[in-house]
Every structure is written in C-alpha cells, then in structure tokens.
Amino acid sequence: MPERLLVIGNKNYSSWSLRPWLLLRQLGLPFAEERIALDQPDTKSRILARSPAGRVPVLIEGQLSIWESLAIVEHVAETESAVWPAEPAARAMARSISAEMHGGFAALRNELPMNVRATGRKVRPGPAAKADIARIKAIWSAARDAHGAGGPWLFGTFSAADAMFAPVASRFRTYGIDLPEPLASWQTTLLECPAMQEWTAAARAETEVIAHEDIG
Ligand SMILES: N[C@@H](CCC(=O)N[C@@H](CS)C(=O)NCC(=O)O)C(=O)O
C-alpha cells in the first residue's frame with residue numbers, strides 16, 4: 001500500500017473528489033490515486049472495500065481511512081500548516097466558507113452538476129440555484145476583499161478554501177456564469193493552474209458517460 005492513497009471517482013463528474021485531490025497536488029504532497037468509475041455495476045462494492053461510508057473521496061494512510069472531503073482536508077491540516085491561511089481571522093473565515101460549501105448549495109449542485117467536458121452548456125437556474133450563485137459570489141468577494149491582498153487566491157496564497165470551491169469555479173465556466181473582477185481573475189488563476197489543467201485533461205480523456213450527473 002502506498003504511503004498516501006486517495007480514492008476518487010471520475011474526474012469529469014466527481015466534484016467531491018476534486019477537492020482533496022487539488023489540495024494535495026497544490027501543496028506538493030505525494031500521493032497515489034485509485035479511480036473508481038461511478039455508476040457502474042461494481043462501483044458500490046469497490047468503494048465499500050475502501051470506505052464503510054460508500055462514497056468517494058477516501059484518503060488511506062496506513063491503517064487510517066478518512067472519508068468526507070472536509071475531514072480529509074482537516075486531516076491533512078494536522079501536519080501541513082499551508083492548508084489554511086496563517087492569519088487567524090483569515091483562517092476562521094476560510095474554515096467557515098469551506099464548511100458552508102461542504103454542507104450547502106444543493107440547488108446549485110443539482111441544477112449545474114460538474115461536467116468538465118460540457119463546456120458551453122446552457123441552463124436556466126431556478127430561484128434556489130440563483131440564490132446559491134449569489135451567495136457564492138458574495139463569499140468569494142468577501143474573502144478577496146478582506147484577505148486577498150497578498151496574492152491571486154481567495155485568501156492571497158492558495159488554501160483549502162480554493163480547493164473546496166474549485167468545482168464551483170469549474171461549473172461557472174462550464175455554464176457561462178459571469179464573474180466580476182477580481183473574481184474572474186481568481187477563477188482564471190484556479191482553473192489554469194497546472195494541477196487543474198492536469199485534472200481537466202484527465203477528465204476529457206475519460207470515456208464513461210453518466211446520465212444523472214448530479215451524482216458528483
Ligand atoms: N459529503 C461527501 C460527498 C461524497 C459524494 O457524494 N461522493 C460521490 C461522488 S462525488 C459518491 O461517492 N457517489 C457514489 C455513490 O453514491 O455510489 C464528501 O464531502 O466527500
């Protein structure tokens with residue numbers, strides 16, 4: 001067993017998998033990955049062999065198995081100080097917005113599922129998804145305005161908050177949801193960083209097609 005193994009779903013669809021994957025890559029932490037294609041006859045049994053929760057992502061380190069994307073982030077933060085911003089107020093806000101992402105925005109996630117290959121797709125968000133989009137823009141603006149002076153990421157330097165919102169940045173590009181500055185520049189920084197380019201290229205190379213995309 002490799003020292004750190006991240007079990008993920010399809011890169012095209014699995015927004016939850018992207019979050020810890022991007023965090024580990026951006027921090028330069030070595031890990032092996034195991035991809036389990038979602039929505040296949042053996043998907044459930046393969047995931048259950050790795051995690052009793054039956055969902056990906058799962059991080060495996062020796063005897064430890066950590067599931068739930070935010071728990072994985074916090075586990076990595078135990079040994080890596082760069083996971084969260086250094087300044088306490090920024091760190092508190094980064095944790096809060098990451099938890100808000102982890103627990104919320106169901107309408108956005110259902111109506112605008114992550115599909116890296118679906119560039120240019122049009123949707124008409126309903127009222128709940130529109131409210132999610134407005135709240136997310138407000139969150140990003142508040143982070144950039146209060147703590148973004150030191151660099152192009154939400155809190156200046158890259159943190160787990162960028163990773164937690166990466167799938168949303170991807171969705172906004174897929175579905176053509178415009179962002180004002182400085183959020184448009186943040187979105188470009190994020191989506192065009194080498195790690196995201198690597199993820200996107202792998203997603204485009206995948207061949208599985210899942211009809212009910214809100215799986216991820
Ligand atoms: N709250 C979980 C969500 C995980 C989740 O929904 N994973 C999906 C893929 S993105 C999954 O494992 N689906 C497989 C299934 O339901 O069979 C997290 O943050 O990790």
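Of the 216 residues in the protein chain, 41% are buried (20 or more other C-beta atoms within 10 Å of the residue's own, with C-beta atoms placed from the backbone). The model is predicted, and local features need pLDDT of at least 70, side-chain atom pairs count only at pLDDT 80 or more, and totals for chains, interfaces and linings use all residues. Residues are numbered from 1 along each chain as its sequence is written.

The C-alpha trace spans about 45 × 40 × 30 Å along its principal axes. The radius of gyration of the protein chain is 17 Å, which agrees with the value near 17 Å for a compact globule of 216 residues; it is taken over C-alpha atoms, and the globule rule is 2.2 Å times the number of residues to the power 0.38.

The protein chain holds nine helices and four strands, where helices (H or I, at least four residues) and strands (E, at least two) are DSSP runs numbered from the N terminus. Their order from the N terminus is β-α-β-α-β-β-α-α-α-α-α-α-α.

An automatic or database domain assignment divides the chain into domain 1 (5-80) and domain 2 (82-198). Their C-alpha centres lie 20 Å apart. The contact between them takes 17 residues from domain 1 and 18 residues from domain 2, two residues being in contact if their C-beta atoms, placed from the backbone, lie within 7 Å. On the side of domain 1 that touches domain 2, α1 (15-26) and α3 (69-77) each supply at least two residues. The largest share of that side, seven residues, comes from α1.

Key
Buried ≥ 20, exposed ≤ 12 C-beta atoms within 10 Å, placed from the backbone.
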